[in-house]
Amino acid sequence: MSASTGPSRPDPPERGATSGSPESDPLRGSPEAGQGNGPAPSGEPLLSVRGLKVHFPVRRGVLLQRVAGHVRAVDGVDLDVARGMTYGLVGESGCGKSTLGKAVLRLVEPTAGTVLFNGADLGGQSPERMRRLRRHMQMVFQDPLASLDPRQSVESVLTEPLRAHGFTGDRSRRVRELLDLVGLPSGAAGRYPHEFSGGQRQRIGIARAIALNPELIIADEPVSALDVSIQAQIVNLLEDLQEQLGLTYVVVAHDLAVVRHVSDVIGVMYLGALVEEAPSDALYAQPLHPYTIALMSAIPIPDPEVEERRRRILLVGDLPSPVDVPPGCRFHTRCPFRRPTRCADEVPALRETRPGRKVACHWAEEIAAGAVRAAAGAHDPAATEVGTPSS
């Protein structure tokens, strides 16, 4: 879904008419932005995350409310997102992928770590400078109805970010342009969110996200609340907008087929940490981490005979609590490939095992070579043949 071969990123005609001067924009030569002045140099990532942690305190007691522990929702994530690409984040519900997306935009304050956007450290920005930075990075939320104010018309929803950032051009014209970009008629501007279908509401949410012509959009499960037929339309819309506007996406999802279709690079999260990162095609052709292998084996194959014969890996047990993360490899309590040494007492680093591929597993090379095999009880006894997921 990369837009690197598409046209250069255009500015809407009114963009230059905002009240924000180059001196007031942290990404446009502001002395306050320090090392983050101007666009990122060629070859540097648009978004760079290092050691990001988000821990929520668990409080007990009625009066004193003492801190009894922490929910380690995000626990030391490193990732880079190149300009114009789509980075997909997948994992089970509760693995921290949505919290990671919100922490990047500081909608949730990180506990530790750094987030660099276009070279600017977001953690060092004041609230006012952060507000100006958000003009360049926006979010599409999972529930389109909950993310839209039911008392505001579509026109009011789309002009609100324009007013907040001092847009002095023709706002009505800009609203019509946005509606046209997302495939809605201009007459939709006077209607309210409850008058639209789920897919139409998500289009409105996308229009709001691109209103200020941002560079980065974080899409938090943008199609999970929609019907399957509508999902394809929204995915195609996101791809078209990326090509037209030169957008960079971070797509959070648990639908592996959708992530494979839209992503250039995929990061797999488990219990608050990245366990594997690889180009989309390479990840689906040969997953290296045991958790990723199990995820891929769960993808249904649209061929009844292959689906009936292929081997599926069944994970035993529930996802451990993020309050009490297991020692060593955090996946070892459910891992079908676990060994008696290292797995339970040594934390594996996210390391590069081959060009462009990173995996946090002590035995990744041995598993890929077939030297380490899954325990017999980890396989579905009704399935005997390995199949390659195709969706």
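**Reading a predicted fold**

Analyst: Let's open with contacts (heavy atoms within 4.5 Å): in the protein chain, 68% of those with a separation of 6 or more are between residues 24 or more positions apart. This is a predicted model, where local features need pLDDT of at least 70 and side-chain atom pairs pLDDT 80 or more, while totals for chains, interfaces and linings use all residues. Residues are numbered from 1 along each chain as its sequence is written, and side-chain values use heavy atoms, with hydrogens and water left out.

User: What share of the residues counts as buried?

Analyst: Buried means under 20% relative accessible area, exposed means over 50%, and partly exposed is in between, with a 1.4 Å probe and protein chains only. Of the 391 residues, 50% are buried. Accessible areas come from the Shrake-Rupley method with a 1.4 Å probe; the total for the chain is about 17,800 Å², with 52% of it belonging to carbon and sulfur atoms.

User: How do I read a sheet, and which order do the strands of the open sheet of four follow?

Analyst: Strands of a sheet pair through backbone hydrogen bonds, either parallel or antiparallel. Two strands count as paired if DSSP finds at least two bridges between them. In this open sheet the order is β2-β1-β4-β5, and the pairing is antiparallel. Both β2 (66-81) and β5 (120-121) have a single partner strand and stand at the edges, so one side of each lacks a neighbour in the sheet. Strand β4 (residues 112-117) meets β5 over two bridges, and Phe 117 has Ala 120 as its bridge partner in β5.

User: Is Asp 75 buried or exposed?

Analyst: Asp 75, found in strand β2, counts as buried because its relative accessibility is 10%. Setting aside residues up to four places away in sequence, Asp 75 touches Leu 52, Lys 53, His 55, Gly 272, Ala 273 and Arg 330. Its C-alpha atom lies 9.4 Å from that of Thr 111, 36 residues apart along the chain.

User: Which strands pair with β10?

Analyst: One partner is strand β9 (residues 265-270), which runs antiparallel to β10 over six bridges. Strand β10 (residues 273-279) is mostly covered, with six of its seven residues buried.

User: What covers the buried residues of α3?

Analyst: The cover includes α4 (171-181) and α5 (198-209). Among the buried residues of helix α3 (residues 154-164) are Val 157, Leu 158 and Leu 162. After α3 comes Gly 166, with a positive phi near 70°.

User: How much space lies in the largest cavity, and what lines it?

Analyst: On a 1 Å grid over the protein atoms alone, a cavity is a set of points where a 1.4 Å probe fits but cannot get out, and lining residues have an atom within 4 Å of a point. Points are joined across faces, edges and corners, and the volume is the space filled by probe spheres set on them. The structure holds four cavities of 30 Å³ or more, and the largest contains about 80 Å³. Its lining includes Cys 329, His 332, Cys 335, Arg 338 and Trp 363.

Technical notes. 1 Å grid on protein atoms, 1.4 Å probe; cavity = no way out; pocket = protein on both sides within 12 Å on 5 of 7 lines; lining within 4 Å.
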